[in-house]
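Reader: I would like to learn how to read a model of this kind, one feature at a time. Could you give me the general idea in each case and then show me how it applies here?

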Amino acid sequence: MPPKGRIEVKEIICKGCGLCVDACPQHVIILAEDRINAKGYHPAELSLDGCTGCGICAIICPEAAITVYRQVAPAKENQ
Amino acid sequence: MDLPIQEQVVYEHPVALLDVSTHYCPGCTHGVAHRLVAEVIDEMNLQSKTIGVASVGCSGFIYNYFDVDFVVAAHGRAPAMATGIKRCLPDRFVFTYQGDGDLASIGMAEIVHAATRGENISVIFMNNANYGMTGGQMAPTTLPGQKTTSSQTGRDVEQQGFPIRVSEMLAKLDGASYVVRRSLHDPKNIRQAKKAIRIAFETQLRGLGFSMVELLSVCPTNWNLTPVDSMKWLEDHMVPYYPLGDYKVHPAVAEMRI
C-alpha cells in the first residue's frame, strides 16, 4: 500500500501558477475554483485522496508555499 | 486499537528564506532558485556568516526575501563588490545572485575578471534569455529567432550577433574552479541544480576559488506563455542551445567529499 501524505498550502503566498498541479504524479492537486486569495489568485489545494507525500509539488513550487507531510507506518505490536 | 497517526515532515519552508510573498510573477523560477540557495545555506549552517550580493534586475529585491545579510551592487558589478567583501572578510561566505541582463551584458567584464583571478566567491547566474524586469527586451542570451519586445521579428544573428554561452566561455579561464549549467524546468533538474549549488558553496568554503552555477530559467510574462508552457519552452528551445553539464570541475573540486 502506498504511503499516505498530505500537503498544506500557504494560501496567502500561493500565486496559482499551476506548476504543482502539472507536476503532481498522482494528479490530486487542483487550483481552488471557488475562492481567491488576497492577491486575487486561485490557490492550490489537495482535491482528492491519494497524496503519497512524495514532495514533488514542494520541489517545483516557486513560492515555497507548500509543506508536505507523510504518515509514518505504526509500529507492529509484536516488535 | 486506534493509534494516533504519526507524521513526518517531508518538506518545509527553509529557515534562511523569509516567509513573505515575493514580487515575482506567478511561475517565475527565481523563486525556485531562491529556495534552493536558502536550503543549501540551511544545510551548511551558513546563515550567520553569509553576505549576499544582489544585482540589478528582477532579483534586485532579493534582500527582502532572505534572512541573511545583503548588499546591492551597481548594475553588473556584483562580482567586483563580492571580491572586495571576500578579501576584507575572508571568514564570511559571499555569493552573488545575478541575471543574464546583469551578468552577461553590462557586467561581462566583472564576471570574466573575477573568474580569471580565481576569486573565492560563488555566483548564481539566472539565464532566462531576456531582460525580465524592463519588459522582455533582447538580452545577450536571447536565442536566434526568439521574438522579444526589441527584436519583434526574432533575433537576427546577422544584425544582432549570436547568443553568448557564458558557462562555456568562463570554463576556458584557468582561474575558474567550478562552472556548471543546470536547468529549473522539472523536479529532476531542480534536484540536480541544488546539488550543483551545494558543490559551488563548498568550493568557496574550502578556499578552492571561483564557482558559478548557471541556471536556465523561465520568464512566463515576457515570453507570453503560461508557467507550465514556459517550462516546456525552456526544455524544448533553451536546453538544446545551452546544453546542461559540467564545464569546468577542477580536480580539487572533484575530489571533495560532501
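Reader: What radius of gyration would a compact globule of 258 residues have, and what does chain B have?

Author: The radius of gyration is taken over C-alpha atoms, and the globule rule is 2.2 Å times the number of residues to the power 0.38. For 258 residues the rule gives a value near 18 Å, and chain B agrees with a compact globule because its own radius is 18 Å. The C-alpha trace of chain B spans about 70 × 50 × 30 Å along its principal axes. Please keep in mind that this is a predicted model, in which local features need pLDDT of at least 70 and side-chain atom pairs count only at pLDDT 80 or more, whereas totals for chains, interfaces and linings use all residues. Residues are numbered from 1 along each chain as its sequence is written, while chains are lettered from A and ligands numbered from 1 in the order in which they are written.

Reader: How much of chain B counts as buried?

Author: A residue is buried if 20 or more other C-beta atoms, placed from the backbone, lie within 10 Å of its own; by that count 51% of the 258 residues of chain B are buried.

Reader: How many helices and strands does chain B have?

Author: Helices (H or I, at least four residues) and strands (E, at least two) are DSSP runs, numbered from the N terminus, and chain B has 10 helices and eight strands.

Reader: At what angle do H1(B) and H7(B) pack?

Author: Axes are lines fitted to C-alpha atoms, for helices over the stretch in contact, and angles run from 0 to 180 degrees between N-to-C directions. Helix H1 (residues 30-43) of chain B packs against helix H7 (residues 187-205) of chain B at about 50°, with the axes 10 Å apart. Angles under 35 degrees count as roughly parallel, over 145 as roughly antiparallel, 65 to 115 as roughly perpendicular and the rest as oblique, and H1(B) and H7(B) are therefore oblique to each other.

Reader: Which residues of H1(B) and H7(B) meet?

Author: Two residues are in contact if their C-beta atoms, placed from the backbone, lie within 7 Å. On the H1(B) side, Val32(B), Leu36(B), Val37(B), Glu39(B), Val40(B) and Glu43(B) meet Ile190(B), Ala193(B), Lys194(B), Ile197(B), Arg198(B) and Phe201(B) of H7(B).

Reader: How many residues of chain A are in contact with chain B?

Author: There are 27 residues of chain A in contact with 27 residues of chain B, and S4(A) gives the most to the side of chain A that touches chain B, with six residues.

How values were computed:
A residue is buried if 20 or more other C-beta atoms lie within 10 Å of its own, exposed if 12 or fewer, and partly exposed in between; C-beta atoms are placed from the backbone.
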